[in-house]
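The following note sets out points for a colleague to check against the coordinates. The points are grouped by region and by type of interaction.

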Amino acid sequence: RQGSELSGWAMGRWTYEGIDLNHNFADLNTALWDAEDNDLVPHEFPNHYIPIPEYYTFANATVAPETRAVIDWMQRYPFVLSANLHGGELVVTYPFDMTRTYWKAQELTPTADDGVFRWLATVYATSNLAMASEERRLCHYDDFTRFGNIINGANWHTVPGSMNDFSYLHTNCFEITVELSCDKFPHASELPAEWENNRESLLLYMEQVHRGIKGVVRDRETEQGIANAIISVDGINHDVRT
């Protein structure tokens, strides 16, 4: 009722405890990049399934119960594709969300799977009616149409502790962020139009789960499936597990 911007960007962003869920996941990026700089990856430090640091697990750590619940959920189910939905812009962002140079507010920081992430973001952006419209206006001052309405998250603005980066580094899951609308708080009467803008892109995005290599890793002699087999692809310094 207050309108999109009159209520402020912070409205609804923090939990009752005052925690910003958008920055609340464990920072696994720094540990990985430090290990890479010291030539420890992957023989001494893993390039995937990076463990959560001990400080993050302490009872007095500033971790929201919602964040802990989501992490537990992600560890129990082997998700491989995900998207989280935001508002206030019209763009799809993909990891990494955190800049590799810690003092930079924005910096192109691609993952080892940059081609896959750019494809996933493009699938959503090109099928989204609002993003693909030739009559679309700029939401604010960023012209994302120049980049096909997709951008590397860190190259827009750094987000340490994002769910996207955590998903990629701690699980098998590839996750993107979809900024659904210029209007951060659409009126109820606008929701049917927002649904139409995103229905096809949501379906097409889910279908991308069928891309890539599939199969079962088996023991050659017993034909039994092998759990937690590590799959490495030449030229991509990020493994996945069965």
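**Notes on the predicted model**

1. The UniProt annotation "active site", taken from an unreviewed entry, covers Glu-179. The model discussed here is predicted. Glu-179 is found in strand S4 and is buried, with a relative accessible area of 8%. Not counting residues up to four places away in sequence, Glu-179 touches His-86, Gly-87, Gly-88, Glu-89, Leu-90, Val-91, Met-131 and Trp-156.

2. The largest nonpolar core has 37 residues, and those with the most contacts inside it are Leu-32, Val-92, Phe-166, Leu-169 and Ile-176. At least two residues of this core come from each of helices H1 (29-37), H3 (65-76), H4 (114-127), H5 (129-132) and H7 (163-170), and likewise from each of strands S2 (89-94) and S4 (174-181). Helix H4 gives the largest share, five residues. In soluble globular proteins, nonpolar side chains tend to be buried together.

3. Leaving aside its neighbours within four places in sequence, Leu-32 is in contact with Val-41, Phe-45, Pro-46, Asn-47, Ile-50 and Leu-169.

4. Helix H7 is largely enclosed by the rest of the structure, because seven of its eight residues are buried. The buried residues are Asn-164, Asp-165, Phe-166, Ser-167, Tyr-168, Leu-169 and His-170.

5. The count of aromatic pairs comes to ten. In one of them, the ring centres of Phe-25 and Phe-166 are 5.5 Å apart and the planes stand at 40°, so the pair is tilted. Phe-25 lies in the segment before H1 and Phe-166 in helix H7, so the pair ties together parts that are 141 residues apart in sequence.

6. Phe-117 is buried, at a relative accessible area of 0%, and Phe-174 is buried at 12%. Trp-33, Phe-96, Phe-117, Tyr-168 and Phe-174 form one aromatic cluster.

7. The structure holds seven salt bridges. One of them joins Asp-37 to Arg-100, with the closest N and O atoms 3.3 Å apart. Asp-37 lies in helix H1 and Arg-100 in the loop between S2 and H4, so the pair ties together parts that are 63 residues apart in sequence. Asp-37 counts as exposed at 59% relative accessibility, whereas Arg-100 counts as partly exposed at 37%.

8. Two salt bridges lie within helices. Arg-118 forms a salt bridge with Asp-114, the closest N and O atoms being 2.9 Å apart; these residues are four apart in helix H4, separated by about one helical turn. The side chains of Glu-196 and Arg-199 also meet in a salt bridge (2.9 Å, N to O), and being three residues apart in helix H8 (residues 191-207) they too are separated by about one helical turn. Glu-196 is partly exposed, with a relative accessible area of 36%, and Arg-199 counts as partly exposed at 36% relative accessibility. Elsewhere, salt bridges that share partners join Glu-36, Asp-37 and Arg-100 into one network.

9. Strands S5 (residues 230-233) and S6 (residues 236-241) run antiparallel and are joined by three bridges. Ile-231 stands opposite Val-240 in S6. Their hairpin has two residues between the strands, and there Gly-235 takes a positive phi near 85°.

Technical notes: Residues numbered from 1 in each chain as written. Predicted model: local features only at pLDDT ≥ 70, side-chain atom pairs only at ≥ 80, totals over all residues. Heavy atoms only, no water. Pairing = 2+ DSSP bridges. Core = buried A, V, L, I, M, F, W, Y, C linked by side-chain atoms within 4.5 Å. Buried < 20%, exposed > 50% of the residue type's maximum accessible area, 1.4 Å probe, protein only. Contact = heavy atoms within 4.5 Å. Phe/Tyr/Trp six-rings, centres within 6.5 Å; stacked < 30°, edge-to-face > 60°. UniProt positions renumbered as here; feature names shortened; annotations may be inferred. Salt bridge = Lys/Arg side-chain N within 4 Å of Asp/Glu carboxyl O.
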